[in-house]
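User: I would like a close look at one part of this protein. Please start with the whole chain, then go to the sheet.

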Amino acid sequence: MSKAEAFRALHQGRTPDDPLVLPGPWDAASARVFAAAGFPALATPSAGVAASLGYEDGATPADEMFAAIARITRAVDVPVSADVEGGYGLAPKELVERLLEAGAVGCNLEDSDAGALRDPHAHAEFLAEVRAAAGGLLFVNARVDTFVHGDGDPERAVERAALYVAAGADCIYPILAPPAVLPLLRAGIQGPLNALGRLDGDGPEPAALGGLGATRITFGPGLQRRAAAALREIADGLTP
């Protein structure tokens, strides 16, 4: 079984109390820590990788992002999915080629640009072209940004998700959807559902998110930011 097949299989047959938890490494060292802890797969956060490279979220040049992804995938044996934001303006075929060259088995693709939602039909066409170029070699996690840049209406999220599933998306990620809305999204969205886990105690634990309907849990840049905060505490202790 290839890594891509193994990654896809991890999303199948999950029970509500056992969602797939995917930590987000921002470099090779953090990836090795998560793999050594026993996680079966990882999912890079674009914001966390950007911070590690000295960029603001959304400002990482494509070449540097793909190079960072490649360093992470080389460092571990487990499957790695990569957050590549909106695709960096690359044509679907080139985007797929660069992801595969970097060793990724999946990708996040968001449906907003510069803080505004993209036309969902045009984005669905883009996702379909990515799926066609990738075949079964990439697991496509389609991010739905209605709770970030839209009006937060769950019905609008479900409508966009239906277009993306029909286009071939393997999973839907309604980022920042309130936990209370997850059951409604679960009822209206086919296939795996990704929820954002919080590390600040201001939200349900992963198992609870699973009970609300999430198939898998990712953390965005939360782990990188937690690590940076810990490092700041250590640095403060070294101050003369």
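What is the radius of gyration of the protein chain, and what would a compact globule with 240 residues have? After that, take me through the sheet: which strands form it, and in what order?

Analyst: One caution before the tour: this is a predicted model.

Start with the whole chain. The radius of gyration is 17 Å. A compact globule with 240 residues would come out near 18 Å, so the two values agree. The C-alpha atoms fill a box of roughly 60 × 40 × 40 Å along the principal axes. Of the 240 residues, 48% are buried. The accessible surface comes to about 10,700 Å², and carbon and sulfur atoms account for 55% of that.

Now look at how the chain folds back on itself. Take the contacts between residues at least 6 apart in sequence: 64% of them join residues at least 24 apart. The chain contains 10 helices and 10 strands.

Next comes the sheet. Five strands build it, in the order β2-β3-β4-β7-β8. The sheet is open, and its pairing is parallel. Its edge strands are β2, residues 42–43, and β8, residues 171–174. Each of these pairs on one side only.

Strand β2 pairs with β3, residues 80–83, in the parallel sense. Two bridges link them.

Strands β7 and β8 run parallel and are joined by four bridges.

Which residues of β8 lie on each side? In a regular strand, side chains alternate between the two faces of the sheet. In β8, C171 and Y173 are on one side, with I172 and P174 on the other. All four are buried, so both faces of β8 are covered.

Is R143 buried or exposed? Its relative accessibility is 13%, so R143 counts as buried; the cut-off for buried is under 20%. Now check what surrounds R143, leaving aside neighbours within four places in sequence. Its contacts are L109, E110, D111, S112, Y164, Y173 and I175. Y173 is one of the buried residues of β8.

Compare that with an arginine in α7. R156 is found in this helix. Its relative accessible area is 33%, so R156 is partly exposed. Beyond neighbours within four places in sequence, R156 is in contact with T146 and D151.

Finish with a pair of helices. The axes of α3 (residues 46–53) and α4 (residues 62–75) come within 11 Å. They cross at roughly 100 degrees. That angle makes α3 roughly perpendicular to α4. Where do they meet? From α3 come S46, V49 and L53; from α4 come E64, M65, A68 and R71.

M65 also gives you a distance to trace across the model. M65 and R156 are 91 residues apart in sequence. In space, their C-alpha atoms are 31 Å apart.

How values were computed:
Residues numbered from 1 in each chain as written. Predicted model: local features only at pLDDT ≥ 70, side-chain atom pairs only at ≥ 80, totals over all residues. Heavy atoms only, no water. Pairing = 2+ DSSP bridges. Rg over C-alpha atoms; globule rule 2.2 N^0.38 Å. Buried < 20%, exposed > 50% of the residue type's maximum accessible area, 1.4 Å probe, protein only. Contact = heavy atoms within 4.5 Å. Areas by Shrake-Rupley, 256 points an atom, 1.4 Å probe, with all protein chains shown as cover. Axes fitted to C-alpha atoms, helices over the stretch in contact; angles between N-to-C directions. Parallel < 35°, antiparallel > 145°, perpendicular 65-115°, else oblique.
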